[in-house]
Amino acid sequence: MVRKLYTNEEIILCTYIARFGRGRFNEKKITRLHNRSEDSIKMKVQNIASMLAEEGFEYSNDVSKLTGVTTGENGRRTNWEQVSKLAVLSKEELKESCKEVLK
């Protein structure tokens, strides 16, 4: 089975939820972009929250970090290169990127 990689647009939106919560939109809205399951999107948000926490960035209390690693070990770093650039943006800057995606 071929894995469908996350698009930059999906990563932007998932990072927003991981950092700032579901107040503006939720995972269901992201599923409409590329016909991905809501469960898959939720796991991506949790993965991003875990990476943010590991790197010392704050993440939303709305989001539980993806578990499944032994204490002291780092989780999967999938898409960290993209997420790291989004992690330094202000809430307003990231919100503007989300608006562009959701037009």
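A salt bridge here is a side-chain nitrogen of Lys or Arg within 4 Å of a carboxyl oxygen of Asp or Glu. The model is predicted, so local features need pLDDT of at least 70 and side-chain atom pairs count only at pLDDT 80 or more, while totals for chains, interfaces and linings use all residues. Residues are numbered from 1 along each chain as its sequence is written, and side-chain values use heavy atoms, with hydrogens and water left out.

**Stop 1: the salt bridges around E38**

Select K42 and E38. Their side chains meet in a salt bridge, 3.7 Å from N to O. Both residues lie in helix α3, four residues apart, which is about one turn of the helix. Helices (H or I, at least four residues) and strands (E, at least two) are DSSP runs, numbered from the N terminus.

For exposure, buried means under 20% relative accessible area, exposed over 50%, and partly exposed in between (1.4 Å probe, protein chains only). K28 is partly exposed at 43%. E38 is partly exposed at 27%, and K42 is partly exposed at 35%.

A search of the whole structure finds nine salt bridges. For another one, select E100 and K103, whose closest N and O atoms are 3.2 Å apart. Both E100 and K103 are exposed.

**Stop 2: the whole chain**

Zoom out and colour by secondary structure. The protein has five helices and zero strands, and reads α-α-α-α-α along the sequence. Of its 103 residues, 35% are buried. Contact means heavy atoms within 4.5 Å. Among contacts with a separation of 6 or more, 67% are between residues 24 or more positions apart.

**Stop 3: α1 against α3**

Select α1 (residues 8-20) and α3 (residues 38-54). Two packed helices are described by the angle between their axes and the distance between the axes. Here the angle is about 65 degrees and the axes are 8 Å apart. Axes are lines fitted to C-alpha atoms, for helices over the stretch in contact, and angles run from 0 to 180 degrees between N-to-C directions.

α1 passes α3 in a right-handed crossing. A crossing is right-handed if the near helix is turned clockwise from the far one by less than a right angle, and left-handed if anticlockwise.

Now show side chains. E10, I11, C14, T15, I17, A18 and R19 in α1 meet I41, K44, V45, I48, A49 and L52 in α3. By class, this contact has nine nonpolar, one polar and three charged residues. Ala, Val, Leu, Ile, Met, Phe, Trp, Tyr, Cys and Pro count as nonpolar, Asp, Glu, Lys and Arg as charged, and the others, Gly among them, as polar.

**Stop 4: T15 and what surrounds it**

Leaving out residues up to four places away in sequence, T15 touches I48, V83, L86 and L94.

Select I48 next. With the same exclusion of residues up to four places away, I48 touches I11, C14, T15, A18 and V83.

Then move to L86, in helix α4 (residues 80-87). L86 counts as buried at 10% relative accessibility. L86 and T15 are 71 residues apart in sequence, yet 7.2 Å apart in space, C-alpha to C-alpha. Beyond four places in sequence, L86 touches I11, I12, T15, R19 and L94.

**Stop 5: the nonpolar core**

A nonpolar core is a set of buried Ala, Val, Leu, Ile, Met, Phe, Trp, Tyr and Cys residues joined through side-chain atoms within 4.5 Å. Select F25, I30, V45, I48, L52 and V83: of the 24 residues in the largest core, these touch the most other members. The elements that give two or more residues to this core are α1, α3, α4 and α5 (91-102). α1 gives the most, with seven residues.

**Stop 6: two loop asparagines**

Most residues other than glycine have a negative phi. Select N35, in the loop between α2 and α3. Its phi is near 55 degrees, a positive value, and N35 is exposed at 73% relative accessible area. Finish at N79, in the loop between α3 and α4, where phi is near 70 degrees, also positive.
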